[in-house]
Structures are given as structure tokens and as C-alpha cells.
Amino acid sequence: MPRTRRAPVPPWKETPQRALVRQALAACPGFVSAQLLHIRMVSAGAAVGLSTVYRTLAVLAAAGLADVIRDDSGERLYRHRPGTDHRHYLICRRCGHSLVVESDPVEHWAQRIAAQSGFTDVHHTVELVGICAACTGEPNDGET
């Protein structure tokens with residue numbers, strides 16, 4: 001089965017400000033907007049501009065070093081990607097809690113569709129949203 005190819009990744013050159021943004025993103029427990037990340041960084045004393053945060057997050061995502069989703073209003077939210085593997089998440093639309101979900105079936109489906117259609121350089125976006133057990137007040141069968 002042919003693998004789908006990703007677009008070329010721009011080279012990641014770590015500058016001092018990019019390092020600050022990458023480290024700040026890695027310190028966030030979940031997905032975060034560029035604006036909120038910037039506010040956190042400035043509050044912690046970092047001298048970094050909002051445009052630098054936006055540009056750096058875009059490069060991190062293109063380099064496979066950050067995951068990107070969109071919230072209900074369409075704003076991009078970013079999360080540090082600890083490895084190079086492509087991930088999918090189940091995200092609570094109330095509190096933002098996110099879980100990595102097993103995505104092999106989606107990956108295989110995308111590869112099959114690409115092969116059957118003759119398309120190349122196929123990308124996909126899958127976002128699963130719902131309301132977590134903590135927000136609904138219901139017990140989670142997956143937790144012990």
C-alpha cells in the first residue's frame with residue numbers, strides 16, 4: 001500500500017526567541033492559542049512579540065513539532081508534539097481537555113483513498129470533539 005507523502009518541511013533553525021516559544025509551548029498541558037501563549041510568556045518575563053509567536057508556531061507545526069486544531073470559533077490552537085508521529089485527539093469542547101486517540105484506522109483509510117484515487121501528497125484533518133466525563137459529571141468507564 002503506497003504511503004501518502006507530506007509536503008516539504010521548512011528547516012527548523014532554533015533562534016533564541018524560537019527556543020523560548022518552543023519551550024513555552026512544551027510547558028503547556030494542552031492546546032493553547034498563540035495569543036494565550038504570548039500572554040503567558042510575557043507574564044513570565046519573556047521579551048517576545050506576538051507576531052514572533054504566531055510565526056514560530058506556524059513553523060513548528062509545518063516541521064511536525066506541534067499539533068494544530070481549530071476551536072469552535074475557527075481559531076488555531078497548538079500543542080507541543082513530543083515525537084514525530086502524526087496524532088489525532090479527542091477534545092472536550094467545554095474545558096479543552098484532550099486525549100490522544102489511536103488513529104491507525106484513519107491513517108490506513110487515508111492511504112487507501114489516496115491510492116485508489118491516484119492522488120499524491122494527500123493530507124487529512126480529523127478532529128473529534130465532545131464533552132468529557134468531568135464536564136458532564138458522569139463517570140468515565142475508561143478510568144479506574
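Modeller: Asp67 and Arg81 are both buried, and their side chains meet in a salt bridge with an N to O distance of 2.5 Å. Asp67 lies in strand β2, whereas Arg81 sits in the loop between β3 (76-80) and β4, so the pair ties together parts that are 14 residues apart in sequence. This is a predicted model, and the distances quoted here are computed from its coordinates.

The structure holds two salt bridges. The other one joins Glu14 to Arg22, with the closest N and O atoms 2.7 Å apart. Its setting can be read from the accessible areas. Glu14 has a relative accessible area of 39% and is therefore partly exposed. By contrast, both partners of the Asp67 and Arg81 pair are buried.

Strand β2 leads on to a pocket. β2 (66-70) and β4 (88-92) each supply at least two residues of the lining of the second largest pocket. This pocket has a volume of about 290 Å³. Its lining counts 17 residues, and those closest to the pocket centre are Ile69, Leu77, Ile91, Cys92 and Gly96. By class, the lining divides into eight nonpolar, four polar and five charged residues.

On the surface, Leu90, Leu99 and Leu128 form a nonpolar patch, and together these leucines have about 240 Å² of accessible area. Leu99 belongs to strand β5, residues 98-101. Its relative accessibility is 42%, so Leu99 counts as partly exposed.

Val48 is placed between α2 (34-43) and α3 (50-62). Val48 has 7% relative accessibility and is buried, because the limit for that class is under 20%. The C-alpha atoms of Val48 and Val21 are separated by 8.4 Å, although the two residues are 27 residues apart along the chain.

To return to the request: the contacts are Asp67 with Arg81 and Glu14 with Arg22.

Note on methods: Residues are numbered from 1 along each chain as its sequence is written. This is a predicted model: local features need pLDDT of at least 70, side-chain atom pairs count only at pLDDT 80 or more; totals for chains, interfaces and linings use all residues. Side-chain values use heavy atoms; hydrogens and water are left out. On a 1 Å grid over the protein atoms alone, a cavity is a set of points where a 1.4 Å probe fits but cannot get out, and a pocket is an open set with protein on both sides within 12 Å along at least five of seven lines; lining residues have an atom within 4 Å of a point. Grid points are joined across faces, edges and corners, and a volume is the space filled by probe spheres set on the points. Helices (H or I, at least four residues) and strands (E, at least two) are DSSP runs, numbered from the N terminus. Ala, Val, Leu, Ile, Met, Phe, Trp, Tyr, Cys and Pro count as nonpolar, Asp, Glu, Lys and Arg as charged, and the others, Gly among them, as polar. A salt bridge is a side-chain nitrogen of Lys or Arg within 4 Å of a carboxyl oxygen of Asp or Glu. Buried means under 20% relative accessible area, exposed over 50%, partly exposed in between (1.4 Å probe, protein chains only). Patches are made of residues with over 30% relative accessible area and no salt bridge: like charges are joined within 9 Å, nonpolar side chains (Val, Leu, Ile, Met, Phe, Trp, Tyr) within 5 Å. Accessible areas come from the Shrake-Rupley method with a 1.4 Å probe; for residues, only the protein chains shown count as cover.
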